[in-house]
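Hi,

Here is the structure I promised to pass on.

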Amino acid sequence: MADPLDVLVICGSLRKGSYNAALTRALPGLAPPGLKLRPAPSFANIPIYNHDDQNSTGFPADAVAWADAIRSADALIIVSPEYNWSIPGGLKNAIDWVSRMKDQPFKDKPVVLQSAAGGILGGSRMQYHLRMSLTSVDAVLFGRPEVIVTFAAQKFDEKTLELKDQTAIDLIKQQLAGFEKFARRLLGK
Ligand SMILES: Cc1cc2nc3c(=O)[nH]c(=O)nc-3n(C[C@H](O)[C@H](O)[C@H](O)COP(=O)(O)O)c2cc1C
């Protein structure tokens, strides 16, 4: 069997009780054996992008650590909520910093997206916008199936935040199996 792919998991929410973070914790149990998952370093303390700061003091250490983790991974899973119909600011800010770096970390990187949302529409607009931003930095986005865990409060255990919805579990398994094939084709691994 081929060596497992090294897959970095990025979560777009910083909230302690985050459904999206809970979703990332479920993924190692749902991914095929050919994907070995590890969490990305936090982007929480990356300052807001300012080109003047980049020129005067260079890239912040946390942005460099985030970029290095992306660069070293074979592929990425990004799990994020939708904020105001779009990408949460912290995640977008981290992408903005990294997009200015030489040896572009996202270039040719296979990426798959997932979201957990309170309602029925949340996540879809965020994923659409994230697809555009990541395409601008030459990432390669997996298409379908799309994963959005809608009405999250009903699908995660109230106390443990464990994902308990079988339809969502099956869809995630199907998506990650498809993503492994997609990533291996792209990487030639
Ligand atoms: C600033 C902000 C903006 C939000 N905007 C949206 C939105 O546009 N669409 C949506 O479905 N939910 C929106 N929500 C609700 C979040 O999707 C919901 O709180 C979700 O649980 C957040 O993800 P998390 O549990 O991983 O932290 C918003 C929440 C916040 C805090």
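Among contacts in the chain between residues at least 6 apart in sequence, what percentage join residues at least 24 apart? It comes to 82%, with a contact meaning heavy atoms within 4.5 Å.

Before the rest, a word on where the values come from. This is a predicted model, where local features need pLDDT of at least 70 and side-chain atom pairs count only at pLDDT 80 or more, while totals for chains, interfaces and linings use all residues. Residues are numbered from 1 along each chain as its sequence is written, and side-chain values use heavy atoms, leaving out hydrogens and water.

On the overall fold: the chain has 7 helices and 6 strands, which are DSSP runs numbered from the N terminus (helices are H or I, at least four residues; strands are E, at least two). Starting at the N terminus, the order is β-α-β-α-α-β-α-β-α-β-β-α-α. The radius of gyration is 16 Å, which agrees with the value near 16 Å for a compact globule of 189 residues; this is taken over C-alpha atoms, and the globule rule is 2.2 Å times the number of residues to the power 0.38. Along the principal axes, the C-alpha atoms fill a box of roughly 50 × 40 × 25 Å. Of the 189 residues, 50% count as buried (under 20% relative accessible area; exposed is over 50%, partly exposed in between, with a 1.4 Å probe and protein chains only).

Now the salt bridges, where a side-chain nitrogen of Lys or Arg lies within 4 Å of a carboxyl oxygen of Asp or Glu.

- Asp 103 pairs with Arg 71, with the closest N and O atoms 3.3 Å apart. Asp 103 sits in the loop between helix H4 and strand S4, and Arg 71 in helix H3, 32 residues apart. Asp 103 is exposed because its relative accessibility is 58%, whereas Arg 71, at 27%, is partly exposed. Both also belong to a salt-bridge network with Asp 68.
- Asp 74 meets Lys 189 at 2.5 Å, N to O. This pair joins the loop between H3 and strand S3 to the segment after helix H7, 115 residues apart. Asp 74 is buried, since its relative accessible area is 13%.
- Arg 125 meets Glu 82 at 2.7 Å, N to O. Arg 125 is in helix H5 and Glu 82 in the loop between S3 and H4, 43 residues apart. Arg 125 is partly exposed at 24%, while Glu 82 is buried at 15%.

Cheers
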